[in-house]
Amino acid sequence: MKKTIVLASILIGVILLSASFWYYTSGPTSFPTNEQLVEEMTDHFSVVSNSEIQDTVFLDDHHVFVPFIAEGEMYGFSLWEWNNRKWDEVLVSTNGDIRVWKIDSKDPTTYHIVWNYPPQDQLDYMKFYFINKRGYQVSDGEEHYEPGMQLEQTITLSENLYGSMKLSTEWVSVINSLIDSRMVSTYYFGWRAFDRSDKIMYPEGTENGSSSWGGDTHIEFTHFIEETELE
């Protein structure tokens with residue numbers, strides 16, 4: 001009798017563990033409809049209650065970029081993550097300025113650049129920058145010098161004013177080297193926007209707006225790079 005009880009307990013334990021493993025590791029369900037997305041976003045900003053969803057862009061199986069147009073021609077986007085068996089809205093913004101979503105902040109291969117600009121800004125392309133200023137530090141009697149780095153990548157906006165892009169292999173390699181460095185990293189991202197005549201433009205359509213995101217979501221805001229910041 002005692003042996004039977006022990007075997008039954010082991011069997012129940014195995015079943016519970018298997019069910020838990022399946023529950024937390026099984027793949028995502030279908031993504032919410034546009035109507036469901038707007039309803040969820042409205043919980044954060046009432047101004048998005050009548051938004052038009054422009055697209056749903058899967059960055060991978062568990063992360064989605066959703067550009068939208070809110071009332072008053074506000075171009076923004078929301079970011080979604082499959083977590084604990086449901087799609088969570090991890091950011092909603094009525095400002096479509098270019099940002100970097102660090103899905104795993106310790107792994108730059110998961111970084112995605114995302115943006116959504118209004119057509120009235122008449123942007124043709126952007127130059128997106130990674131900048132790390134040279135630094136010098138003395139720690140435990142040892143001198144450490146880090147050279148300055150500047151990387152540039154052109155993003156074409158003329159065909160589609162919203163989009164997403166992963167970092168190139170070169171950028172990933174550089175950021176990994178900084179993560180492994182003994183010095184405190186001070187790198188940042190920035191941009192310069194241009195019209196068809198190569199004239200520098202500042203996207204006025206994204207000056208207003210607001211954003212909300214969860215505490216565990218790593219979003220890096222970017223800024224306009226002045227000529228004096230470039231080498």
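Ring pairs join Phe31, Phe58, Trp80, Trp82 and Trp87 into a cluster. Rings of Phe, Tyr and Trp (its six-membered ring) pair if their centres lie within 6.5 Å; planes under 30 degrees apart count as stacked, over 60 as edge-to-face and the rest as tilted. The model is predicted, so local features need pLDDT of at least 70 and side-chain atom pairs count only at pLDDT 80 or more, while totals for chains, interfaces and linings use all residues. Residues are numbered from 1 along each chain as its sequence is written, and side-chain values use heavy atoms, with hydrogens and water left out.

**Aromatic pairs**

- The structure holds 17 aromatic pairs.
- Phenylalanine 31 and tryptophan 87 form an edge-to-face pair, because their ring centres are 4.9 Å apart and their planes stand at 85°.
- Phenylalanine 31 lies in the loop between helix H1 (2-25) and helix H2 (34-42), and tryptophan 87 lies in strand S5 (residues 86-93), so this pair ties together parts that are 56 residues apart in sequence. Helices (H or I, at least four residues) and strands (E, at least two) are DSSP runs, numbered from the N terminus.
- Phenylalanine 31 counts as buried at 15% relative accessibility, and tryptophan 87 counts as buried at 12%. Buried means under 20% relative accessible area, exposed over 50%, and partly exposed in between (1.4 Å probe, protein chains only).
- Phenylalanine 130 and phenylalanine 189 also form an edge-to-face pair, with 5.9 Å from centre to centre and 65° between the planes.
- This pair links distant parts of the chain, with phenylalanine 130 in strand S8 (residues 125-132) and phenylalanine 189 in strand S13 (residues 188-194), 59 residues apart.
- Phenylalanine 130 is buried, with a relative accessible area of 0%, and phenylalanine 189 is buried at 1%.

**Salt bridges**

- A search of the whole structure finds 4 salt bridges. A salt bridge is a side-chain nitrogen of Lys or Arg within 4 Å of a carboxyl oxygen of Asp or Glu.
- One of them joins lysine 86 and aspartate 88, at 2.4 Å from N to O. Lysine 86 is partly exposed at 45% relative accessibility, whereas aspartate 88 is buried at 17%.
- Arginine 134 and glutamate 231 meet in a salt bridge of 3.4 Å, N to O. Arginine 134 lies in the loop between S8 and strand S9 (135-139) and glutamate 231 in the segment after strand S17 (223-224), so the pair ties together parts that are 97 residues apart in sequence.
- Glutamate 231 is exposed, with a relative accessible area of 68%.
- Glutamate 227 and arginine 192 form a salt bridge at 3.0 Å, N to O. Glutamate 227 is in the segment after S17 and arginine 192 is in strand S13, 35 residues apart.
- Glutamate 227 counts as exposed at 52% relative accessibility, but arginine 192 is buried at 6%.

**Cavity**

- The structure holds 1 cavity of 30 Å³ or more, and the largest cavity has a volume of about 40 Å³. On a 1 Å grid over the protein atoms alone, a cavity is a set of points where a 1.4 Å probe fits but cannot get out, and lining residues have an atom within 4 Å of a point.
- The lining of the largest cavity consists of Ile131, Asn132, Lys133, Gly148, Met149, Gln150, Glu229 and Glu231.
- S8 and strand S11 (149-156) are the elements that give two or more residues to this lining.

Methods: On a 1 Å grid over the protein atoms alone, a cavity is a set of points where a 1.4 Å probe fits but cannot get out, and a pocket is an open set with protein on both sides within 12 Å along at least five of seven lines; lining residues have an atom within 4 Å of a point. Grid points are joined across faces, edges and corners, and a volume is the space filled by probe spheres set on the points.
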